[in-house]
Amino acid sequence: FLIEKLRGSDLGQIKIHQTGIPNSYLYEFTRKGKPIFVAWQDGLQRQTLKFMLPGIGTDKVRITEAVPDFDADFQTLERRLNEKEYPRFFRSSVVSVSAGNISVPLTSSPVYIEPLYE
């Protein structure tokens with residue numbers, strides 16, 4: 001999922017932002033001249049964290065979990081994710097941005113953060 005979302009990014013221009021929150025990480029990529037972000041934290045417990053997205057210039061972002069939403073630990077021949085439903089594998093929500101800040105529920109699984117420009 002992340003490879004697909006980050007395809008076309010300028011990998012020579014990756015920025016690592018300090019979140020001010022221990023064990024939490026925010027990486028910024030640039031694709032088609034626009035910033036996109038990947039965030040996660042070390043630890044298994046889900047926490048909602050608030051941090052700054054520098055210079056995004058919009059009031060909404062889409063946050064998509066980068067690990068498929070599947071009700072089992074792994075796929076088997078009997079229990080498989082249907083490839084035709086690929087976009088629905090990943091939970092996604094739209095979050096408001098307030099003065100460049102967002103609140104994001106994070107775990108050790110990364111989330112993809114995409115600013116929504118109207």
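Which residues have the most contacts inside the largest nonpolar core?

Author: Happy to take you through it. Please keep in mind that this is a predicted model.

Let's start with the layout. The chain has 1 helix and 8 strands, and from the N terminus the order is α-β-β-β-β-β-β-β-β. Of its 118 residues, 32% are buried. Among contacts between residues at least 6 apart in sequence, 65% join residues at least 24 apart. The accessible surface comes to about 7800 Å², and carbon and sulfur atoms account for 50% of that.

Now to your question. The largest nonpolar core has 16 residues, and those with the most contacts inside it are Phe51, Leu53, Val61, Ile63, Ile102, Val104 and Ile113. At least two residues of this core come from each of strand E3 (34–41), strand E4 (47–52), E5, strand E7 (101–106) and E8. E7 gives the largest share, 3 residues. In general, nonpolar side chains tend to be buried together in soluble globular proteins.

Leaving out residues up to four places away in sequence, Leu53 touches Leu26, Phe37, Val61, Gly100, Ile102 and Ile113.

Leu6 lies in helix H1 (residues 2–6), and it counts as buried because its relative accessibility is 17%, under the 20% cut-off. If you set aside neighbours within four places in sequence, Leu6 is in contact with Phe29, Ile36, Val38 and Tyr112. Take Leu6 and Val38 as an example: they are 32 residues apart in sequence, and their C-alpha atoms are 9.5 Å apart in space.

Next, the charged pairs. As a general point, side chains of opposite charge can pair when their charged atoms come close. The whole structure holds 2 salt bridges. In one, the side chains of Glu114 and Arg31 meet at 3.9 Å, N to O. This pair links distant parts of the chain, with Glu114 in strand E8 (residues 111–115) and Arg31 in strand E2 (residues 24–31), 83 residues apart. Glu114 has 22% relative accessibility, so it counts as partly exposed.

The other salt bridge joins the side chains of Arg91 and Glu65, at 4.0 Å, N to O. Arg91 lies in the loop between strand E5 (60–65) and strand E6 (92–96), while Glu65 lies in strand E5, so the pair ties together parts 26 residues apart in sequence. Arg91 is partly exposed at 45% relative accessibility, and Glu65 is partly exposed too, with a relative accessible area of 23%.

One last stop is Thr107, in the loop between E7 and E8. Thr107 is buried, with a relative accessible area of 15%. Its side chain reaches the backbone nitrogen of Ser109 at 3.1 Å.

Key: Residues numbered from 1 in each chain as written. Predicted model: local features only at pLDDT ≥ 70, side-chain atom pairs only at ≥ 80, totals over all residues. Heavy atoms only, no water. Helix = DSSP H or I, 4+ residues; strand = E, 2+ residues; numbered from the N terminus. Buried < 20%, exposed > 50% of the residue type's maximum accessible area, 1.4 Å probe, protein only. Contact = heavy atoms within 4.5 Å. Core = buried A, V, L, I, M, F, W, Y, C linked by side-chain atoms within 4.5 Å. Polar contact = N/O pair within 3.5 Å; in protein donor to acceptor, adjacent residues only side chain to side chain. Areas by Shrake-Rupley, 256 points an atom, 1.4 Å probe, with all protein chains shown as cover.
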